[in-house]
Amino acid sequence: MDIQDFNKELLDYLYDEMTPNEKKEFEQKLSGSETLQHELRELTAVREELDGLKDKEVMEPFSTWGKTRSSRWFDSNQKTRKIIFRPVTAVAASLVILMLVGYLTNFSISVSGDGFQAGFSSQVKAEDQTFLSEAEVQSLVNQEVQRSNKALIARLTQAEEGYNQKINMLETSLKSVENRDRNAPVTNEDLQKFFVNAENKNAEIMKEYLKLTSTQQHEYFRTMLTQFNDFYRQQREDDLTLIQTSLLEMQQNQSVQKQETDQAITSLYTTVNQRRN
Amino acid sequence: MAEVLENIAIYHSKSLILKSKKGDEHAYGKLVGLWFKRIYNFSLKYFADHDLAMEVTQQTFITVYQKIDRLKDVDTFKCWLYKIALNYCREEDRRRKRKKWYSIFVSEDARMVESNYGQPEQEYQKKEKEELIADVLRRLPDEQKTVIIMKEFEGLKFREIAEALSISENTAKSRLYYGLKALKKLLENSELKN
């Protein structure tokens with residue numbers, strides 16, 4: 001893509017890159033050509049539009065050059081003039097941020113004979129904590145199992161007594177039937193009634209037994225789950241309280257820092273204004 | 001007045017370049033002070049993004065610092081400087097396109113730094129116009145955009161542009177001509193839309 005010669009001259013004229021003689025010659029051409037005048041007007045108009053885009057003021061970064069300042073960007077003592085600022089500053093900035101966050105949140109890590117501890121807020125002393133040993137936990141579990149077994153045995157014994165009573169009653173009724181058998185003939189109807197009665201009683205006994213055991217187990221598991229749930233809810237609430245306290249503390253620290261920065265900026269602004277005046 | 005003084009200083013930076021070539025860091029610091037704004041604005045018009053412009057400007061001056069001792073002809077410093085800046089601009093542009101990351105003309109920080117002196121309406125219109133021009137400039141092909149920025153905003157001679165871009169003067173003129181034409185069309189379309 002190339003342009004005609006008169007357009008090249010036009011650009012030279014537009015940007016004032018002509019010698020006085022060339023300029024005169026071109027102006028003569030220009031006065032005799034409507035096309036050239038039109039082109040010139042168009043290009044001038046575009047340039048005027050572009051004039052609306054002004055330069056932006058910019059501050060040269062503080063840590064740039066010179067004997068006193070270059071050390072942050074360059075290791076000037078080395079012949080290779082190796083660039084060091086980027087990785088070093090990035091690592092340093094990350095470390096500073098981590099340290100600051102750690103300081104603000106009171107983060108601490110410690111390794112002692114009692115084990116490894118990492119967390120916010122102040123360090124918890126090992127003696128303040130009540131830990132259970134494995135044997136103690138086993139003992140507690142055993143106790144609980146024994147207590148549950150005892151209760152179950154007591155209930156079973158009670159149920160057994162009930163069944164015995166019922167069996168006795170059945171035996172008594174059987175004996176009365178036998179006695180009756182001796183005195184008078186037993187009809188089919190009597191026998192049917194007797195077996196229906198026995199079946200009903202057996203079904204009742206089994207039903208009660210199953211009901212009793214299932215209720216026992218259900219209650220036992222419900223108690224266990226409730227205790228477990230309470231424990232975890234408490235633990236969660238404690239954790240949330242701890243996090244909330246830490247965040248509140250961070251927020252307060254940030255507010256103080258912001259106020260200090262604002263004060264410093266206001267002070268600087270005032271000083272600059274006073275000096276200007 | 002300040003701009004005129006700045007331009008004079010730029011054109012008299014020869015002694016600073018010579019000292020910098022010998023490793024005088026203080027002189028180099030002054031040289032950066034003279035050219036920082038120009039290279040920043042060149043990059044800003046290229047990207048229409050403050051952060052990218054700052055990044056490119058810093059990279060440019062780091063490279064210049066590392067390689068200034070290899071600069072043979074002091075008079076070619078300006079072309080050499082813009083050539084380095086343009087290379088970084090193109091590199092960043094490619095990287096940015098890969099990341100598909102776009103930004104607005106002036107970052108929020110820069111907006112906040114800018115003063116609100118004067119009439120708010122005028123300020124707003126001025127900003128609108130700046131954003132429009134930056135936007136249409138951004139939409140031009142890279143080769144046309146580069147020549148327009150170098151010629152129109154940086155005031156480089158056609159000879160200097162040709163040298164910086166390693167092209168002939170005629171090609172530079174041709175790119176500028178068609179660039180200005182394309183810019184006119186884009187501006188007209190944008191105004192019609194508005």
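Start with chain B and its contacts (two residues touch if their C-beta atoms, placed from the backbone, lie within 7 Å). Among contacts in chain B between residues at least 6 apart in sequence, 66% join residues at least 24 apart. What you have open is a predicted model, where local features need pLDDT of at least 70, side-chain atom pairs count only at pLDDT 80 or more, and totals for chains, interfaces and linings use all residues. Residues are numbered from 1 along each chain as its sequence is written, while chains are lettered from A and ligands numbered from 1 in the order in which they are written.

Now switch to a cartoon view. Chain B has ten helices and zero strands; helices here are DSSP runs of H or I with at least four residues, strands are runs of E with at least two, and numbering goes from the N terminus.

Next, select α2(B), residues 14-21, together with α3(B). Their axes (lines fitted to C-alpha atoms over the stretch in contact) sit 8 Å apart, at an angle of about 135°. That makes α2(B) oblique to α3(B): angles under 35 degrees count as roughly parallel, over 145 as roughly antiparallel, 65 to 115 as roughly perpendicular, and the rest as oblique. Show side chains for Leu16(B), Ile17(B), Lys19(B) and Ser20(B) on α2(B), then Ala27(B), Tyr28(B), Lys30(B) and Leu31(B) on α3(B), and you have the residues that make this contact.

Time to go inside. Buried residues (20 or more other C-beta atoms within 10 Å of their own, C-beta atoms being placed from the backbone) make up 39% of the 194 residues in chain B. Zoom in on Ala85(B): leaving aside residues up to four places away in sequence, Ala85(B) touches Ile39(B), Phe42(B), Ser43(B), Val56(B) and Thr60(B).

Last stop: bring chain A back into view. The contact between the chains takes 33 residues from chain B and 30 residues from chain A. On chain B, the helices that each supply at least two residues to the side touching chain A are α3 (25-47), α4 (50-67), α7 (120-138), α8 (142-153) and α10 (169-193). α3(B) gives the most to that side, with twelve residues.

Technical notes. Buried ≥ 20, exposed ≤ 12 C-beta atoms within 10 Å, placed from the backbone. Axes fitted to C-alpha atoms, helices over the stretch in contact; angles between N-to-C directions.
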